[in-house]
Amino acid sequence: MLTLSHFNAALLFSTFASVVFGITQRDTPREQVRYGLYCFAMFMGGLLVAGWVMWALRH
Amino acid sequence: MVSSPAGKDTIAAKQPATPIATTMSVVAPAVAWLIPGAGHLIQKRWIRGLLLMASVVTMFVLGLLMDGRVYRPNGGDILDILGFIGDLGAGGMYIVSRAMDLGHVVVAHATADYGTKFIIVAGLLNFIAVADAYHIAIGKKP
């Protein structure tokens with residue numbers, strides 16, 4: 001069985017979801033790359049913010 | 001702001017008022033559902049098709065490797081029904097995994113839960129790819 005940490009699983013999830021969002025939600029290759037990177041940044045940013053919020057609630 | 005008539009003409013020329021129903025507009029979504037990314041490949045969108053295929057297939061396989069659960073048709077809990085609908089989006093991979101009895105597990109640890117979500121999201125992402133293949137087929141998207 002493949003065992004991934006929560007962070008690694010979220011990293012892979014963000015990568016693949018961003019690729020699909022970028023390709024399907026924009027028309028030109030340049031816009032697709034930009035939107036894919038934007039989605040990836042939002043996923044990872046949200047992940048880090050949520051992590052720190054949970055840490056703050058716990059302490 | 002008033003848009004110029006010339007601008008309207010340009011937009012009208014780019015996007016037909018009614019979708020053009022062609023054989024491709026039926027075949028592309030069907031093939032895209034069955035084989036992720038194939039709807040783009042048969043329309044000669046090679047890079048997009050390969051990237052979609054790699055993303056959806058890898059997510060689904062990773063989900064199975066993480067001991068994720070593949071939902072069966074069910075009429076029970078609403079989350080189980082939604083899980084089945086999500087899984088169904090993976091098309092051919094869902095059919096194969098069911099035929100091989102993969103993902104028939106009890107989710108007993110965190111990694112398996114991540115795996116279950118990976119499988120569902122792979123299916124949902126493929127639904128988006130199917131819609132995109134259709135939009136390309138009717139000329140709504142380049």
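**Exercise 1.** In what order do the elements of chain B run from the N terminus on?

*Solution.* In this predicted model, the order in chain B is α-α-α-α-α-α-α, read from the N terminus. The count for chain B is accordingly 7 helices and 0 strands.

**Exercise 2.** Determine what share of chain B is buried, and what share of its contacts joins residues 24 or more positions apart.

*Solution.* Chain B has 142 residues, of which 42% are buried. Among the contacts in chain B with a separation of 6 or more, 71% link residues 24 or more positions apart.

**Exercise 3.** Describe how the two chains touch, beginning with the residue counts.

*Solution.* Chain A gives 14 residues to the contact, and chain B gives 20 residues. On the side of chain B, the elements with two or more such residues are H4 and helix H7 (110–137). That side of chain B comprises 13 nonpolar, 3 polar and 4 charged residues.

**Exercise 4.** Classify the packing of helix H1 (residues 6–25) of chain A against helix H4 (residues 46–65) of chain B.

*Solution.* Step one is the geometry: the axes of H1(A) and H4(B) lie 10 Å apart, at an angle of about 150 degrees. Angles over 145 degrees count as roughly antiparallel, so H1(A) is roughly antiparallel to H4(B). Step two is the handedness: H1(A) passes H4(B) in a left-handed crossing. Step three is the set of residues: H1(A) contributes Leu12(A), Phe16(A), Val19(A), Val20(A) and Ile23(A), while H4(B) contributes residues including Arg48(B), Ser55(B) and Thr58(B). By class, the residues of this helix contact are 9 nonpolar, 2 polar and 1 charged.

Methods. Residues are numbered from 1 along each chain as its sequence is written. Chains are lettered from A and ligands numbered from 1 in the order in which they are written. This is a predicted model: local features need pLDDT of at least 70, side-chain atom pairs count only at pLDDT 80 or more; totals for chains, interfaces and linings use all residues. Axes are lines fitted to C-alpha atoms, for helices over the stretch in contact, and angles run from 0 to 180 degrees between N-to-C directions. Helices (H or I, at least four residues) and strands (E, at least two) are DSSP runs, numbered from the N terminus. Angles under 35 degrees count as roughly parallel, over 145 as roughly antiparallel, 65 to 115 as roughly perpendicular and the rest as oblique. A crossing is left-handed if the near helix is turned anticlockwise from the far one by less than a right angle, and right-handed if clockwise. Two residues are in contact if their C-beta atoms, placed from the backbone, lie within 7 Å. Ala, Val, Leu, Ile, Met, Phe, Trp, Tyr, Cys and Pro count as nonpolar, Asp, Glu, Lys and Arg as charged, and the others, Gly among them, as polar. A residue is buried if 20 or more other C-beta atoms lie within 10 Å of its own, exposed if 12 or fewer, and partly exposed in between; C-beta atoms are placed from the backbone.
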